[in-house]
Amino acid sequence: MYTTLLATFFEISRTAVSMCSAGILLFLIALWPAKTDIARAGGLDKIVALSNLCFAIPLAVFGAEHLSGAKFIMLAVPSYIPWRLFWAYFVGAALLAASLSIATKIQVRWSGLLFGIMMFLFVVMVHIPRVLASPSDRIPWTIVIREMSFAGGAWLLAASAMREPGASKLSTVGRVLIAIAALFFGVEHFLHPAGCPGVPLEKLTPVWIPGRLLIGYLTGAILLVAGASILLAKKTRLAATYLGTWIFLLVLFIYGPILVVQLSDPSTEVKVEGINYFADTLLFAGAILALASATPRTDS
């Protein structure tokens with residue numbers, strides 16, 4: 001029994017270390033190609049230039065989590081799917097490949113397209129059954145909307161790298177998915193203002209963060225206004241830029257301190273949770289900034 005507990009402890013610890021290492025390494029890789037775009041941009045467009053970086057880092061973090069903690073990840077794979085351990089490893093490798101592609105801007109048309117399809121399949125095969133099992137539970141609904149917003153962001157990245165006529169349709173789908181997520185999350189923030197802002201899941205904003213309820217309501221208002229503008233295709237680039245910048249600032253000044261506190265916690269489960277929340281919200285910011293980047297400047 002003690003041997004099993006010790007092995008479990010070290011496996012989870014290795015997962016936390018590998019997730020952080022993958023995120024830092026991807027940041028260094030993505031920063032180089034982003035430098036030119038940042039230098040050319042002005043004002044808030046410098047934040048928009050970080051879209052690929054914000055999107056790629058979480059994929060590397062989640063990919064490392066799948067590879068180093070595959071025996072835990074496989075438990076989330078539906079029992080009717082054969083070779084569950086294989087799929088945990090396969091998805092991890094696919095996430096790492098997609099993160100490298102998006103970070104270096106090499107073959108993004110394919111990595112973005114395929115990652116979006118993968119998110120859609122996760123929704124259909126994993127998350128929709130959970131929604132149907134507990135339709136009154138808000139968390140499964142939030143996860144479905146979150147995953148589809150990630151798919152929308154990936155398709156926007158792919159559309160930006162395409163020159164075919166179908167790229168505009170892909171952009172429209174991505175825009176609508178992100179608008180739906182912004183509106184849904186905005187309502188959730190007003191219903192649950194004490195929750196961590198951005199993607200409203202179970203975790204509450206720590207009491208040591210000042211003005212947490214104000215931050216929750218303000219985030220909800222920004223999400224609703226920006227979501228309505230994006231859905232109606234009115235000032236889409238401007239709305240996505242402001243919303244993406246706000247979520248990015250939440251990552252830095254809310255989830256950053258939370259991550260530091262949770263990484264210092266002796267519980268390795270708490271460490272992994274902190275990393276996941278940080279990466280989740282950063283990926284949501286990346287998806288929104290991808291919309292801003294894919295929208296013509298004339299729309300502003």
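Visitor: How many cavities of 30 Å³ or more are there?

Guide: Please keep in mind that this is a predicted model. The count comes to 1 cavity of 30 Å³ or more.

Visitor: Which residues line the largest cavity?

Guide: The lining consists of Ala-30, Pro-33, Ala-34, Ala-49, Leu-50, Asn-52, Leu-53, Ala-103 and Lys-105. Sorted by class, these are 7 nonpolar, 1 polar and 1 charged.

Visitor: And which elements give two or more residues to that lining?

Guide: Those elements are H1 and H3. The greatest contribution is from H1, which gives 3 residues.

Visitor: Let us move to the pockets. What is the volume of the largest pocket?

Guide: The largest pocket has a volume of about 1,700 Å³. Its lining is made up of 48 residues.

Visitor: Which of them lie nearest its centre?

Guide: Glu-65, His-66, Ile-73, Ala-76 and Phe-122 lie nearest the centre of the largest pocket.

Visitor: How does the lining of the largest pocket divide into nonpolar, polar and charged residues?

Guide: There are 33 nonpolar residues in that lining, alongside 7 polar and 8 charged ones.

Visitor: Which helices supply at least two residues of it?

Guide: They are H1 (2-40), H3 (51-68), H4 (70-73), H5 (84-104), H6 (108-133), H7 (138-161) and H11 (268-294). The largest share, 12 residues, comes from H6.

Visitor: Now for helix packing. At what angle do H10 and H11 pack?

Guide: Helix H10, residues 236-263, packs against H11 at an angle of about 165°, and the two axes are 8 Å apart. That angle makes H10 roughly antiparallel to H11.

Visitor: Is the crossing of H10 and H11 left-handed or right-handed?

Guide: The crossing of these two helices is left-handed. The contact of H10 with H11 has 19 nonpolar, 9 polar and 3 charged residues.

Visitor: One last topic, charged pairs. How many salt bridges are there?

Guide: The count comes to 6 salt bridges. One of them joins the side chains of Arg-138 and Glu-188, at 3.0 Å from N to O.

Visitor: Where do Arg-138 and Glu-188 lie?

Guide: Arg-138 lies in helix H7, while Glu-188 lies in helix H8, residues 166-191, so the pair ties together parts that are 50 residues apart in sequence. In general, side chains of opposite charge can pair when their charged atoms come close.

Visitor: Thank you, that gives me a starting point.

Conventions. Residues numbered from 1 in each chain as written. Predicted model: local features only at pLDDT ≥ 70, side-chain atom pairs only at ≥ 80, totals over all residues. Heavy atoms only, no water. 1 Å grid on protein atoms, 1.4 Å probe; cavity = no way out; pocket = protein on both sides within 12 Å on 5 of 7 lines; lining within 4 Å. Points joined across faces, edges and corners; volume = space filled by probe spheres on them. Helix = DSSP H or I, 4+ residues; strand = E, 2+ residues; numbered from the N terminus. Nonpolar A, V, L, I, M, F, W, Y, C, P; charged D, E, K, R; others polar. Axes fitted to C-alpha atoms, helices over the stretch in contact; angles between N-to-C directions. Parallel < 35°, antiparallel > 145°, perpendicular 65-115°, else oblique. Left-handed = near helix turned anticlockwise from the far one by under 90°. Salt bridge = Lys/Arg side-chain N within 4 Å of Asp/Glu carboxyl O.
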